[in-house]
Structures are given as structure tokens and as C-alpha cells.
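Trainee: I would like to learn how to read a few features of a structure, one at a time. Could we begin once it is on the screen?

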Amino acid sequence: MNLHNLRDKTEQVNFQKAVKQGLGRQQGLFFPDDITPLANLDALLKMNLVDRSTEILSHFIGGELSKQDIHSIVSKAFTFKAPVKQVTHNINALELFHGPTLAFKDFGARFMAQCLAQFKVDGRITILTATSGDTGAAVAHAFFKMDNIDVVILFPKGKISPLQEKLFCTLGGNITTVAIEGDFDDCQALVKQAFDDQALKDEIGLNSANSINISRLLAQMCYYFEAVAQLNEAQRKDLVISVPSGNFGNLTAGLFAKALGLPIKRFIAATNENDTVPRYLLTGEWTPTKTIATLSNAMDVSEPNNWPRIEALFKFKGWSLTDLGYGTLTDEDTKKALLELDNLGYLCEPHGAIAYHELTKQLKNHETGLFLCTAHPAKFKGSVESILKRDIYIPEELASRADLPLLSKQIPVDFKQIKNLLLSL
Ligand SMILES: *Cc1c(COP(=O)(O)O)cnc(C)c1O
């Protein structure tokens, strides 16, 4: 697969290089030169997740990895299901939280980790990531116990939920977690400083594994096919998918699936009050405001880093942005949506509830709706229990780690100390 930098078309890379590099020059995103629709869609929809995903990914990266290698990567990465559950007569939920860290980010992070392992990179790789919760956990578990790969995760001390901290700060081995005495922006700034230090970058083989990595998007495409495969003929006819969005990687992956020929009539981009994209779609003006904290904190993003890919894809396909649905929900209305779902017998959490609400508002009579559930309700135990006024079930993946000791180091916002840590691994 050939890709180019959206900011500088003269920078051309293959898949392997794009995965290792993450971002191109001038912070440009990599984008495929060509997206040819799949020829054998009906046959693909009859396959199981691993076989089908192998075929879809071979379509993109078959020139660089054999089908056998891709099958091996996918079968190690996608070891859990993505079931579609019926919620109302014409609305279904796609549950993407059955992986080891209970959020959809497991799909992308595990696929990326297996790709890097397959490339057998010379020398060592150090993955350095800042997290406000879900990404760090997914990356830590995806790379845990891998040879020649060290993972360092910075998170703001005291600002992630206790259960979330237990999930990834108890692993040890090649996973180092650092509680930074600052906020998430401080963590991100430290990561950026490390990437600006060329000598350090070369010495330890720095990679960020963040959501702009092309491998994560390719992996995420696969569960849109898995969703459609679980629907019947009638449900596939006028399918509308609502995606809870923050950095817009998830929606980008869905749009790629549509570009490959998956029958999706339209998408809805659902956000919380960090609504840069909905306002842009309404007014044509890109005016990010200060990020505000909401109940759906994994979507508290006001400068979504995947958006340029969405614009590029619409242009490539000749689609119109006016066909992209959008909607924004306040915390108050998110609570109502969560309660409404609970009354329907479906336990959800704030991110999925936002997507559900926008779907109920925009779905027409003859259409079938699907909303993406991006995290397990237990990951947002505190807010879910206080909204529903009852205790919820904690799955084994979380419960089993609750008594393990936290292994994080504590470091102030001081790049020198981070650099020393990175060099000492
Ligand atoms: C990361 C995340 C999102 C946002 O996904 P994007 O791809 O960044 O738009 C939504 N929900 C949950 C639970 C997440 O962890």
C-alpha cells in the first residue's frame, strides 16, 4: 500500500514505514493513494471475523505482508467478539468493548502491536504515549511481554479513575507507567518534547502508537464489516450508523469501510459539547474552542486529529460533506439518554448513549440504525452508577486487577527526568 502525506504530497511511504513513523513531515497524516472497492463483498460477509479481516487487510497491505502473515497478525489481535445487540425494533448496538481493556481501542492497539512484531524491526522500539485513560490501557496490554519493545505511558496523577489505573499500572515487565504531577496537557507536552529530540528518538526507536497511526484505522474498519455481517438482508438496506466521536478515528475507519463498498447509507458524527466538527458542518468554519470536561471524557477533544483524513476521503470519493449527519449532546441530555436505554433493558455508558440519542433523533421510519458502544459500562462505573442509582456488574478483567499493587513511578513535569527514564530502560 502506498500512502502520501496530506500536508506534503512529495512524502510517499509504504505501510511499514507509515506504521513505524506515525506522522509525516509538518505533522501531516498519511493517506492511501488509492482505495479500490472490494470485489467479493457478499462472500466476505459470510466469513468469520478473522478470515474476513484477513481478506480486507490483504486488499490494502497484501503487497508488503503475505496473506499467511496477515492471518497470523489478525488472529493474535482480534481474539474477542464484536456482537450486535438489538435495542429497539429498528435500533441495534455494536459492542466494541469485549477486549482485554474493555474499550474499542483494543482493536487498533493490538493490531498495531502485532504488525510491529511481524516487521521484526532491527534494534529496539520504545512506545511513548500520553493517556487520559483508554488509550494507555489498550496500548499497555497490546504490547505487554513483547520482545524488544518497551512501553512508557504518562498519565496525569490522580486524574484517571482508580479502576482505569489498576487496569494498566499493575502489569510491570516491559510496561512502565508514570504518574505525572500535572494534567493531561502536561503529559502530551512531555511526549512532544521527546519526539522533538532527534538524538533521543533515534537512540531508543521512539514511536507513539497514538490514534493517528494508519494501522489502527485499518484494524477498526474490520468491525464495521463484522457488524453488517450480523444484520439480515432487510436491515442492511438502509443502514445508518452513529459514531460517538472525539478524535474521529472511529468515524474515519467507518467511512473507509463505506468507500470499500460496505452498504452504509450514511453516518452520524455524535459529539459531546466539544463540538468543533458539528459546528464546522453547520457553518463551514473551523473554530476550536477550549476543551471542556464532560461525562464522556474520552471524547473531550476540541481539535480532532483525524479530521483532515475525513475531508480527504470525501474529496477522493466525490462525496458531499452535507451527507454527513451530526449532533451534539449536553451532559444533562446524556444522562437522560442513558436512563432511556436502561429502561429499554440496555445498560450503556455515556459515550454510547450520545450516539444512541442522535440516532433516535435522525433515523427515518424505513431505516435501520446502529450505534457504536465504545466502552464497557464498568469503565465508567462512577458516573453510570450515580445516574442509574444502582450498582453495576464489574467484569473479571477489571475485578481481577483491583487488588494488585500499583507499579507507577511518580515524576514532576520535568523533561530531563523523563529523558533519563527513557534512556535507562
Ligand atoms: C477514544 C474513545 C472515543 C473516541 O473515539 P475517536 O476515534 O477518537 O473519535 C469514544 N469513546 C470511547 C470510550 C473512547 O475511548
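Trainee: Which residues line the largest cavity?

Mentor: Rolling a probe the size of a water molecule over the atoms shows where empty space is left. On a 1 Å grid over the protein atoms alone, a cavity is a set of points where a 1.4 Å probe fits but cannot get out, and lining residues have an atom within 4 Å of a point. Here the largest cavity is lined by Ser-245, Gly-246, Phe-248, Thr-271, Asn-274, Thr-276, Val-277, Val-301 and Pro-304, and its volume is about 30 Å³, a volume being the space filled by probe spheres set on the points, which are joined across faces, edges and corners.

Trainee: What should I know about the model and its numbering before going on?

Mentor: This is a predicted model, in which local features need pLDDT of at least 70 and side-chain atom pairs count only at pLDDT 80 or more, while totals for chains, interfaces and linings use all residues. Residues are numbered from 1 along each chain as its sequence is written, and side-chain values use heavy atoms, with hydrogens and water left out.

Trainee: How many aromatic pairs are there, and why is the pair of Trp-286 and Trp-307 called stacked?

Mentor: A pair of aromatic rings is described by the distance of the centres and the angle of the planes. Rings of Phe, Tyr and Trp (its six-membered ring) pair if their centres lie within 6.5 Å, and planes under 30 degrees apart count as stacked, over 60 as edge-to-face and the rest as tilted. The count comes to 16 aromatic pairs; the rings of Trp-286 and Trp-307 have centres 6.3 Å apart and planes at 25°, so this pair is stacked.

Trainee: Are Trp-286 and Trp-307 buried, partly exposed or exposed?

Mentor: Buried means under 20% relative accessible area, exposed over 50%, and partly exposed in between (1.4 Å probe, protein chains only). Trp-286 is partly exposed at 34%, whereas Trp-307 is buried at 4%.

Definitions and conventions:
1 Å grid on protein atoms, 1.4 Å probe; cavity = no way out; pocket = protein on both sides within 12 Å on 5 of 7 lines; lining within 4 Å.
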